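Colleague: I would like to learn how to read a model like this one. Can we take the features in turn?

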Amino acid sequence: MVEVTWQGPDVSARQNVEDRARALNRLRLSDDVFRIMTRSAAMFVLAILGGVILALFLGSLPALREFGFGFLVSESWNPVTEKFGALAPVYGTLMTSFLAMLIAVPFGLLIAMFLTELCPKWLRRPIGIAIELLAGIPSIIYGIWGLFVLAPFLQQYIQPPLIKTFQNVPGLSALFEGPPYGIGIFTASLILAIMVLPFVTSISRDVFDAVPPVLKEAAYGLGCSTWEVMRYVVLPYTRVGVIGGVMLGLGRALGETMAVTFVIGNAHRISTSLLAPGTTISATIANEFTEAVGDLYTSSLIALGLILFVITFVVLAIARYLLMRIERRIG
Amino acid sequence: MNFIKTIVAAGLVAVSALPAVAADISGAGATFPYPIYAKWADAYKKETGNGLNYQSIGSGGGIKQIQAKTVTFGASDMPLKPEDVEKAGLVQFPTVVGGDVPVVNLDGVTSGDLKLDGTTLAKIFLGEIKTWDDAAIKALNPSAKLTSQAIVVVHRSDGSGTTFIWTDYLSKVSADWKSKVGANTAVEWPAGIGAKGNEGVANNVMQTKGAIGYVEYAYAKQNKMTTVNMINKDGKSVAPDAAAFQAAAANADWVNAKNFYLILTDQPGAASWPIAGATFILIHKQPQDPAAATEALKFFSWAYAKGGKMAEDLDYVPMPASVVKAIQAVWSNEIKDANGKPLLTN
C-alpha cells in the first residue's frame, strides 16, 4: 500500500514531464513552421526584386551592346532604321517631374502650414480627408480628366495669352513658343503636380505636427509672426522630413504612366518650349511595347525601363534615408 | 511599380497565347480587324459549333506568335515581305480591306469641304506647312474658309498597321517623306503629338482646334468626324467610303503579287481611295497541328463565302471573288501536312 501511494505522484509526475515535453515540442514545431513561413515570404520579395533587376538587365543587353553609352545621349528614336536613344524620354521624365515638384512643393507646404497652424479645428478633418482622397484617385482618372477637361481649357484660355505675352521677351519666348496644343510637357507637369500634392502635404503635415510646441510657443513669445515661426522654427526643425516627403512624391512622379501618357503628347523630341509635346520613359514603354517589332526595338524599350528603375531607385533610397534620419531624431 | 506591371502584362500575354483547347482555333495579332474576326467567329460558332479564340495583341505580337508556333494563325496589318514569308515557312493572304482617313477639327469646315493631295499632306505631316491658310492648301481649296489657325498634327504613339498604311502612302507620294521618315508601323515623327490607338487619335483631334490626324475609316464614321477628301493617283478628288476602298482593292493586281504582298496605297483608278490597305493572315505551310490548321482554313473559307455582308456592316470591304479564288489556290498548293497532302482542297 505504502509503495502504491508513493507510486501515484511519481507516475503522474512522469506523465506531467512527458506532457510538458510534448507540448513544448508542439510549440517549437509551430514556431518553426511560422518562422519558415514568414522568412520565405520575406525572401520571396527579395527574390522578386532580384528577378526584376536581372530580367531588365538581360533584356536590355542587346540594346546596350548595340548602342553602348550612345543610348543615353542620343535623341533619335527611329523604328524604321532601328536607331534608338534614350535622351528624349529621359529628358521628358526629369523635366515633367521637376516642374511638377516646382508647383506641388510650395503648394503642399502652404496647405500643411495652414492645417497645422492656422486652420480652425472643424475644418481640419475635411481638408485632411480631401487631401487623402486626392491620393486615392486612380491615375487613369487623372489622365481622362487631363485630356478632356484640362487640355482643351489650357489650349483655349491659358496657352494663347502665355504665348502672346512672352513672344518678345528674350529667353522666355523660347520657353513658351509654338502652337497651343493643349497637351504637352506643361500639361503633364500640372497633372503630375496634382498627383504628388497629397504626398508632399500629408508628410509635411505629420512632421510639422511633430515639432515640440514649446519651441513654437517660445518663438511666438518673442513676438514672431506665424510666417516667421514657420520659416525660422518649424521648417528648419523638419527640413529633413519635408525633403523625404518631397522625394517620395518625386518617386511617384517619375514612374507615373497612365495619366502622363494621356496628356504629354508622346513625341520623341526635346523642345525648349514647355508647351511642346514630349514623352517620358514610362509613357514610351506603355505606348510602344505591344507593337514593338524586332529584338532591338523591344530591347531598347526594356533598357529604358532599366534606366527608369535606376533613377527611381536612387530617388527612393535618398527619401528613405532622410526619413529614417528624422524618425531617429523624433523618436 | 510600372516595370512590374509591364512584366506581368507581358507574362499574361504570353500565357494567354498558349495553344487553346483542341476544338477551338487560336489566332493572335492585329487589332484593326478584331471586330470583324470576332463577329465572324461568333456567327461561325453558331453555325458549326467550332469556336475561334482570337487575341488582338497587335500586328507585331501576331507575327512573333506565329513564328513561335504558339498559335494556329497570326494576323498582321503590315504584309510580311515575300522573302520573310518564305524564310519563316509561312503562307500569307489578305482577309478584308479598310482605309485610313484624314480627319480634321476646323471651325466651319465639314466633311468633304476640304481636299488635299499627297504632297501637301506629306508637307503637313513633315511640319513644313504650319498654318491652315498656307498657299498650298489654299490653292487646292480656293473656296474654303481657311484662317491662320496653327496646324496640330496628331499621329499614333503606338506601333500600328494604320500607321504603316499612312506612312507607306506618304512615302509613295513624297520623296522627302521617304528619305526623312520612311514607312513602318512606327516611325520617328517629325511633327505633332502622339496618341494611343485609333480612339486616342480620334479623341485628340476632336479635342484640339486646328488638328489633323488619321484614323481607320470605321472610327471616323462612328465618331462622325470631319473627313478630308483626297486627290488620288488619277488626279480625281474622292471621298472616303466603302465604294472608294472597294475600287482601290479591285484595281490592284493581286493575282501577280507574290505572297499577296500588296499595299493598297496610291492605287490607279478614278474612284480609288489612295490610302487603303488590306489586313493579312499568316499560317504555317507545314503546320505542327494539321487538324487545327485545317479548321482555321475552313473558318476563313466560310468567312470569304458568307462573311461579306457582316464585313460591310462593320465598314470593312470584303475581298473580290477573283482574289478569293487565287487565295484558295495557294492554300491547296502550299499548305500541306507532313505527308505532302493538302489540308484543304476545293
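Modeller: Start with contact, which means heavy atoms within 4.5 Å. By that rule A:N78 touches A:K83, A:F84 and B:E188, not counting residues up to four places away in sequence.

Colleague: What should I know about the model and its numbering?

Modeller: This is a predicted model, where local features need pLDDT of at least 70, side-chain atom pairs count only at pLDDT 80 or more, and totals for chains, interfaces and linings use all residues. Residues are numbered from 1 along each chain as its sequence is written, chains are lettered from A and ligands numbered from 1 in the order in which they are written, and side-chain values use heavy atoms, with hydrogens and water left out.

Colleague: Where does A:N78 sit?

Modeller: Helices (H or I, at least four residues) and strands (E, at least two) are DSSP runs, numbered from the N terminus. A:N78 belongs to strand β1 (residues 77-78) of chain A.

Colleague: Is A:N78 buried or exposed?

Modeller: Buried means under 20% relative accessible area, exposed over 50%, and partly exposed in between (1.4 Å probe, protein chains only). A:N78 has a relative accessible area of 8%, so this residue is buried.

Colleague: Which backbone atom lies by the side chain of A:N78?

Modeller: The general idea here is the polar contact. That is a pair of N or O atoms within 3.5 Å; within protein, one must be able to donate a hydrogen and the other to accept it, and residues adjacent in sequence count only if both atoms are side-chain atoms. Here the backbone nitrogen of A:V80 lies 2.9 Å from a polar atom of the A:N78 side chain.

Colleague: Now chain B. What surrounds B:Y37?

Modeller: B:Y37 is in helix α2 (residues 34-48) of chain B. Its relative accessible area is 0%, so B:Y37 counts as buried. Residues up to four places away in sequence aside, B:Y37 touches B:L52, B:Y54, B:A75, B:T95, B:T279, B:F280, B:I281 and B:F299. With B:T95 there is also a polar contact of 2.7 Å between the side chains.

Colleague: How far is B:Y37 from B:K309?

Modeller: Their C-alpha atoms are separated by 13 Å. Along the chain, B:Y37 and B:K309 are 272 residues apart.

Colleague: And B:L116, where is that?

Modeller: B:L116 is in strand β5 (residues 115-116) of chain B. With a relative accessible area of 0%, B:L116 is buried. Leaving aside neighbours within four places in sequence, its contacts include B:L121, B:I124, B:I137 and B:L140. B:P33 is 83 residues from B:L116 in sequence and 27 Å away in space, C-alpha to C-alpha.

Colleague: How do I read two helices that pack?

Modeller: Look at the axes. They are lines fitted to C-alpha atoms, for helices over the stretch in contact, and angles run from 0 to 180 degrees between N-to-C directions. In chain B, the axes of helix α5 (residues 118-126) and helix α7 (residues 161-173) come within 9 Å and cross at roughly 115°. The contact uses B:G118, B:T119, B:L121, B:A122 and B:F125 of α5(B), and B:W166, B:Y169, B:L170 and B:V173 of α7(B).

Colleague: How many of those residues are nonpolar, polar or charged?

Modeller: Ala, Val, Leu, Ile, Met, Phe, Trp, Tyr, Cys and Pro count as nonpolar, Asp, Glu, Lys and Arg as charged, and the others, Gly among them, as polar. The contact of α5(B) with α7(B) has seven nonpolar, two polar and no charged residues.

Colleague: What about domains?

Modeller: Domain bounds come from an automatic or database domain assignment. Chain B splits into domain 1 (3-98 + 274-334) and domain 2 (100-241). Ten residues from domain 1 of chain B and 19 residues from domain 2 of chain B make the contact. The C-alpha centres of these two domains of chain B lie 29 Å apart.

Colleague: And how is chain A divided?

Modeller: Chain A has domain 1 (1-67) and domain 2 (71-330). Their contact takes 13 residues from domain 1 of chain A and twelve residues from domain 2 of chain A. For these domains of chain A, the C-alpha centres are 44 Å apart.

Colleague: Last one. How do I read phi?

Modeller: Most residues other than glycine have a negative phi. A:N266 has a positive phi, near 45°. A:N266 is in the loop between α10 (258-263) and α11 (281-288) of chain A. B:N259 also has a positive phi, near 55°. B:N259 is buried, because its relative accessibility is 12%.
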